[in-house]
Amino acid sequence: ALPRYAGPDPDHVEALDLLAALSYRRGDLSAAIAHGRRALDADPGRGSALSNLCFHTMFACDWSALPDLYRRLDASTDAALAAGRVPDETPHLSVIRCHDPARNLAIARAASAAVEARARRQGAPLEPAALRTGARIRIGSLSGHFGDHPAAQLSAGLYRRHDRRRFEVIAFADSPDGGDDLRRRIARDVDRLHDVSGLDVAAAA
């Protein structure tokens, strides 16, 4: 439905931004970058389009395009932090492109505060659960890349290395099962794997 929605107005910035994200989720980096550039051309001040375009361009290994995108994203992030606003640059993007721990922390704190504020408005309980005496420590991993993806290739060996006498490891997959070997390996090496890709945020939580 989204591509048809974007059709009547080829410069509908929000639709282009969403199309870029959808194309990335479908594994079409070329389309993600093309939609992202169109969104940014239509609205150069749209921080989400800039942040997403940086991320997608990094994944495409288009190193020649990144310096200008980084310069623009740095300026956008600096302005947001100085004004006490949440930067459009995500903590994940900050960590993988910037090696300044203080900057990473500032971006993460701003994003975390925004998430907490939204959760409180929705009435979500934020108090920590009572400690379960003698129970294993429960570790949850949420990812949209439990499958044939570089993130899974790098982390697949981690899950089985937890001491199961002390830790319970649960994976939450935000992507459908593609039936590949890595997905099966991760499902085998954790205590439980839950597919939450078809749920909205509240239901998944």
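**Close-up 1. Ser-23 in helix H2.** Ser-23 is part of helix H2, which spans residues 13-25, in this predicted model. Ser-23 counts as buried because its relative accessibility is 10%, and buried means under 20%. Apart from neighbours within four places in sequence, the residues in contact with Ser-23 are Asp-28, Ala-31, Ala-32 and His-35.

**Close-up 2. His-56 in helix H4.** His-56 is found in helix H4. With a relative accessibility of 3%, His-56 counts as buried. When residues up to four places away in sequence are not counted, His-56 touches Ala-20, Ala-21, Tyr-24, Leu-29, Ala-32 and Ile-33. Gly-179 is 123 residues from His-56 in sequence, and the C-alpha atoms of the two are 25 Å apart in space.

**Close-up 3. Packing of helix H4 with helix H5.** Two packed helices are described by the angle between their axes and by the distance between those axes. Helix H4 covers residues 47-59 and helix H5 covers residues 66-82. The angle between H4 and H5 is about 145°, and their axes lie 10 Å apart. The crossing of H4 with H5 is left-handed. On the H4 side, the contact is made by Leu-50, Ser-51, Leu-53, Cys-54, Thr-57 and Met-58. On the H5 side, Leu-66, Leu-69, Tyr-70, Arg-72, Leu-73 and Ser-76 take part. Sorted by class, the residues in this contact between H4 and H5 are eight nonpolar, three polar and one charged.

**Close-up 4. The buried side of helix H9.** Helix H9 runs over residues 181-189, and its residues Leu-182, Arg-183, Ile-186 and Asp-189 are buried. These residues are on the same side of H9 because they cover an arc of only 135° around the axis. Among the elements that cover the buried residues of H9 are helix H8 (150-155), strand S2 (167-173) and strand S3 (192-195).

**Close-up 5. The exposed face and the N-terminal end of helix H9.** Asp-181 and Arg-188 are exposed, and they sit on the face of H9 that is turned away from its buried side. The N-terminal end of H9 is capped by Asp-180. In this cap, a side-chain oxygen of Asp-180 lies 3.3 Å from the backbone nitrogen of Leu-182. Leu-182 is also one of the buried residues of H9.

Conventions. Residues numbered from 1 in each chain as written. Predicted model: local features only at pLDDT ≥ 70, side-chain atom pairs only at ≥ 80, totals over all residues. Heavy atoms only, no water. Axes fitted to C-alpha atoms, helices over the stretch in contact; angles between N-to-C directions. Helix = DSSP H or I, 4+ residues; strand = E, 2+ residues; numbered from the N terminus. Left-handed = near helix turned anticlockwise from the far one by under 90°. Contact = heavy atoms within 4.5 Å. Nonpolar A, V, L, I, M, F, W, Y, C, P; charged D, E, K, R; others polar. Buried < 20%, exposed > 50% of the residue type's maximum accessible area, 1.4 Å probe, protein only. Arc of directions from axis to C-beta. Polar contact = N/O pair within 3.5 Å; in protein donor to acceptor, adjacent residues only side chain to side chain.
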